[in-house]
Structures are given as C-alpha cells and as structure tokens.
Amino acid sequence: MFGEAFRTLSRDVLPWVATATVLSGVRTWFVDIGLLLSARMSVQLRNVGTAAVVGLALNLWLVPVHGISGAAWSMVAGQMTGLVLSMGSTWDVLRWPLSRESWLPSALSTATMVAVLSPFCIEGAFPLAIAVIGGGSVYGLGMLVLNGAGCRDWLRGRLGPGDRR
C-alpha cells in the first residue's frame with residue numbers, strides 16, 4: 001500500500017520508536033508516580049522539560065543529517081534523559097526493588113551488547129543465529145567482568161576451590 005521505500009524506512013525506525021515508547025511508559029507509570037505521590041510536581045516538570053529540550057536539540061542536530069532515523073534516535077535520547085532524571089529524583093522517595101549495584105552491571109552489559117551488534121545488518125536465519133550467540137556472549141562476558149547478580153562469585157564456587165592467584 002505504501003511501497004517498498006516506506007517498508008524499508010519503517011523497518012529501520014520502528015524499533016527506535018518502540019524503545020522510546022517503553023522508556024516513556026516506564027518513566028510515566030512507574031518512576032514519576034513517586035514524584036506525584038510526594039507532591040514534587042516542580043521536580044517532575046523540570047525533568048520533563050529537560051528531556052524535551054534534549055530531544056528538541058538533538059532533533060535540530062540529527063534530523064538534517066540523518067532524516068527520520070535522526071528523529072527516532074533523538075526521541076530515544078530524550079526519553080532516556082527523562083527516565084534517568086526521574087529515577088535520580090525519586091531515589092529518596094521510592095524504595096526501589098533494585099539497588100544501583102544490582103541493575104547497573106546488567107544495564108552496562110546490555111548497552112555494550114547493543115553497541116557491538118548495532119553496526120551489523122541482520123537478515124536471514126544464519127546471521128540472526130550468529131547475532132544471538134554473539135550478543136549473548138558479549139552480555140555474559142560483561143556480567144562476568146562486572147560480577148552482575150554475583151555470577152562471577154557463583155561461577156568461582158561452582159568451579160571449586162582452586163588456586164586463585
């Protein structure tokens with residue numbers, strides 16, 4: 001109905017739009033509730049305003065260079081900015097189920113995995129299988145290096161007492 005050009009464009013942009021939508025939903029329905037319940041609406045306004053300014057500035061910079069992909073990237077960056085600011089603002093209000101120490105290794109490992117896989121065009125079953133194996137390996141290595149969820153300690157315990165010099 002829209003043609004091949006639209007199909008290719010939407011395939012490239014829709015994952016970024018979906019990511020921005022998830023980030024927005026998490027911020028709105030999970031994180032900003034703490035600001036609402038603690039009557040800190042001015043803080044929420046600052047966070048949303050800052051995220052909007054970041055998104056707008058990135059749009060002005062990226063859209064002329066990258067077109068609709070730049071708009072999608074700036075949308076994700078703006079929503080991520082709002083989420084990070086809101087999480088920082090509500091840390092003392094909400095008792096988060098996860099401490100920074102528990103989610104930070106996972107977040108960094110995920111970001112590393114995304115950075116490693118992003119440059120590759122993955123089309124077909126074999127490249128997808130390689131990407132899944134490679135992405136999982138990068139994520140697992142990151143979690144081991146950062147001892148996420150205590151996995152390095154667990155692995156050392158499973159391998160038995162050995163010479164740990």
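Colleague: How many helices and how many strands does the chain have? And at what angle do helix 2 and helix 3 pack?

Modeller: Keep in mind that this is a predicted model. The chain has six helices and zero strands. Read from the N terminus, the elements run α-α-α-α-α-α. The chain holds 165 residues, and 22% of them count as buried. Confidence comes next. The mean pLDDT of the chain is 83. Of its residues, 87% reach 70 or more. Among the elements, helix 2 has the highest mean pLDDT, 93. Helix 1, residues 4-37, has the lowest, 78.

Now the pair you asked about. Helix 2 covers residues 41-66, and helix 3 covers residues 68-90. They pack at an angle of about 160 degrees. Their axes lie 7 Å apart. An angle over 145 degrees counts as roughly antiparallel. Helix 2 and helix 3 are therefore roughly antiparallel to each other. Their crossing is right-handed. What kinds of residues make up this contact? There are eleven nonpolar residues, 13 polar ones and one charged one.

The loop between helix 1 and helix 2 holds Ala 39. Its backbone deserves a look. Most residues other than glycine have a negative phi. Ala 39 is not a glycine, yet its phi is positive, near 55 degrees. Is Ala 39 buried or exposed? The cut-off for exposed is over 50% relative accessible area. Ala 39 has 65%, so it is exposed.

Look for Ala 149 in the loop between helix 5 (125-146) and helix 6 (151-159). Its relative accessible area is 77%, so Ala 149 is exposed.

Side chains of opposite charge can pair when their charged atoms come close. A search of the whole structure finds one salt bridge. Asp 32 forms a salt bridge with Arg 27. The closest N and O atoms of Asp 32 and Arg 27 are 2.7 Å apart. Are these two residues buried or exposed? Both Asp 32 and Arg 27 are buried.

Start with Ser 109, which sits in helix 4, residues 100-117. Buried means under 20% relative accessible area. Ser 109 has 2%, so it is buried. Which distance separates Ser 109 from Tyr 139 in space? The two are 30 residues apart in sequence and 5.0 Å apart from C-alpha to C-alpha.

Then move on to Phe 120. This residue is in the loop between helix 4 and helix 5. Its relative accessibility is 56%, so Phe 120 counts as exposed. Phe 120 and Ala 131 are eleven residues apart in sequence. In space, C-alpha to C-alpha, Phe 120 and Ala 131 are 8.7 Å apart.

To return to your pair: helix 2 and helix 3 cross in a right-handed way, at about 160 degrees.

Technical notes. Residues numbered from 1 in each chain as written. Predicted model: local features only at pLDDT ≥ 70, side-chain atom pairs only at ≥ 80, totals over all residues. Heavy atoms only, no water. Axes fitted to C-alpha atoms, helices over the stretch in contact; angles between N-to-C directions. Helix = DSSP H or I, 4+ residues; strand = E, 2+ residues; numbered from the N terminus. Parallel < 35°, antiparallel > 145°, perpendicular 65-115°, else oblique. Left-handed = near helix turned anticlockwise from the far one by under 90°. Nonpolar A, V, L, I, M, F, W, Y, C, P; charged D, E, K, R; others polar. Salt bridge = Lys/Arg side-chain N within 4 Å of Asp/Glu carboxyl O. Buried < 20%, exposed > 50% of the residue type's maximum accessible area, 1.4 Å probe, protein only. pLDDT = per-residue confidence, 0-100.
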